[in-house]
Amino acid sequence: MTESAGISFLAPIVCLLHLIASVASIPCYHGNTTSVCVVVETPVCMTAEVTFNYTSQVFTNSTYNQSVIQEQLKYWEHLRLVPECWKLIQPFLCSVYLPKCENDKQEVERPNKELCERVKTPCEVVKRYTGKWPWFLDCDQWFYAESCGQTFYETTTFNTEGECSGPLTKTDNEAIWYDKIKGCGQQCESALYTTSEHRVAYILIAIMAAVCLLCSIFTLLTFVLNWKVGRKYPEVILFYINGCFCLATIGWLVRYIVGKDVVCRMDGTVRKGEPLIGSGETASCTIVFLFVYYFTMAAATWYVMLAISWDIKFKALGTARNDLTKKTAYFHIISWCLPLVLTIICLSTSVIDADSLSGVCYPGSNNVWVRFGYVLVPILIALIVGAVYSIRGLKTLIEFKKESPPFVGQKATSKIHDTIIRLGIFVALTFVLVVVTLSVHVYKFVNTHTWDDSLLQYTYCKANVSVIQIMDGAAESSCVMKTKPSIVAAIFNFGAFFGASMLFSSWSWTRTSVDVWRRAFRRLCNKPVNEPQTTRKHRIVARRSKRQKQRQNERLSINYGTDPNDPVGLRFDRSSASSHSMSSGYTVSIPKHGRRTRGVKNMHHHRSRRATSDS
């Protein structure tokens, strides 16, 4: 009983030892009549020195001589342009093409199956380009050995210093490796545009940004020089919009000061997925993003507030109402906080990419859907809503002009007519900007996939990693990108931003602004300034009453005040001695004043009749 129990206990151990022995018996060397060892003619395999004396062609083709094998190994040297692949492919290829052979035993060292499996990941670009692996990269081939430890070449020192061919550059950052080309990332200057196209964009953006910056500064200073009048709503909203465009334009000009650091990392690759915490890179890209993106979104939001303010203001013409007073705080909350929320989301999700053509960092420069969600949708919503309210305000002005009461004078009518023209042109140009922005983005959305594929094929061609080219030696002499984006479309896209900046700045291009600057320069030179004097309302009323008595038969004429200090020329509710105008609040009270006057006269006439009858 005890003996049988001991035998049953030892049975599993015996089976396990038998299994281990069977696995260990898998040969790490191949040996038969076909594995004839031959003398090594060239003691070099790729970038390593061969220290053994005999080799064999049993794993490739026994009819190949060593000179043919060396030529085929040279073709594979093109994979130096895929650095991570180059590190592993050399010992693997040498163990297949030029294996170590034991002449006395007539045994050839088998290639390592584990190494074959490891090669496929960094060298996936080979399969990606041709659609299949070469036959010897089929790791299930008969000659691969398992669990044999490292082969001779795995312990040999190779020159693993890889290179990257343009438009790629070498980088150790795995997050920015380009497609399947391990160890290489996209260089700073986009290959989708030529060097000359980059130069054209560089010059045009510098000119447009400089002009827009000067115009925005002119508008801001015009408001500051006349802040007592310019701080009133809705005119002051144009001050905020121009301030936003001014700061956003400064963001466009940063690269002209700090250079390529805005769009390039220290290793020469283009910035993607910013901000990268702990990467050791400068924050220049993130800072430019904050200037350009936040203040562009803020300007777009303020435009909506401006259009709403115009609509409210024009509807209140001829009345004493001021419906904007209680809404200004909400304007600030919405216009500053909504862009801030979008900005924080972009920073937290690291969707900021650099664009070498424009020289700025923006959400989704390399991802059309990110750009659609974070850029195109907010801007289109703002432009469309703003245009709708602007059209409503324009319609209100037109109706007011047609239905204006008889006491509205020629001067007020002329001012309303000029405002209608200016606002109509503004709305039309806003529509043009919407069409341009939408057209360019639709063009990009439709063609981006094609451009990316074209760039990928061009990159593979430049890297010369085609197995067919490697095996046949038929490398192409030149590589051409089949399709790429138009530089004209890109310039129109940039021009839409700078055009919007100029459009909002143009509201201050008035004769009043010239007068404001003239008075400022006269003060600066200590010369007398002829300030327009504002007459108090009771004096205007007295003056008007005196004229009424002198011209009782003439039609009453009232001009909606045109303040000579108004920087944009859109204020209708100011009293001015220079224009002899009255406020719309006083205008509203005229019918009541007339009724009261007629009532007093009727009462006096009734009392006179009673006195006559009594007598």
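## Exercises on a predicted model

The crossing of helices α3 and α4 is left-handed (the near helix is turned anticlockwise from the far one by less than a right angle; clockwise would be right-handed). Helices here are DSSP runs of H or I with at least four residues, and strands are E runs of at least two, both numbered from the N terminus.

A word on the source: this is a predicted model, where local features need pLDDT of at least 70, side-chain atom pairs count only at pLDDT 80 or more, and totals for chains, interfaces and linings use all residues. Residues are numbered from 1 along each chain as its sequence is written, and side-chain values use heavy atoms, with hydrogens and water left out.

**Exercise 1.** Describe how α3 packs against α4.

*Step 1.* Find α3 at residues 83-97 and α4 at residues 113-120; their axes lie 9 Å apart at an angle of about 145 degrees. Axes are lines fitted to C-alpha atoms, for helices over the stretch in contact, and angles run from 0 to 180 degrees between N-to-C directions.

*Step 2.* List the residues in contact (heavy atoms within 4.5 Å): α3 brings Leu 88, Ile 89, Pro 91 and Phe 92, while α4 brings Leu 115, Cys 116, Arg 118 and Val 119.

*Step 3.* Sort them by class: 7 are nonpolar, none polar and 1 charged. Nonpolar covers Ala, Val, Leu, Ile, Met, Phe, Trp, Tyr, Cys and Pro; charged covers Asp, Glu, Lys and Arg; the others, Gly among them, are polar.

**Exercise 2.** Is Gln 457 buried, partly exposed or exposed?

*Step 1.* Locate Gln 457 in helix α13, residues 410-463.

*Step 2.* Its relative accessible area is 42%, so Gln 457 is partly exposed (buried is under 20%, exposed over 50%, partly exposed in between, with a 1.4 Å probe and protein chains only).

**Exercise 3.** Where does pLDDT, the predictor's confidence in each residue from 0 to 100, stay under 50?

*Step 1.* Take the average for the protein chain, which is 77, with 74% of the residues scoring at least 70.

*Step 2.* One stretch under 50 is residues 573-601, with 50 contacts beyond four places in sequence.
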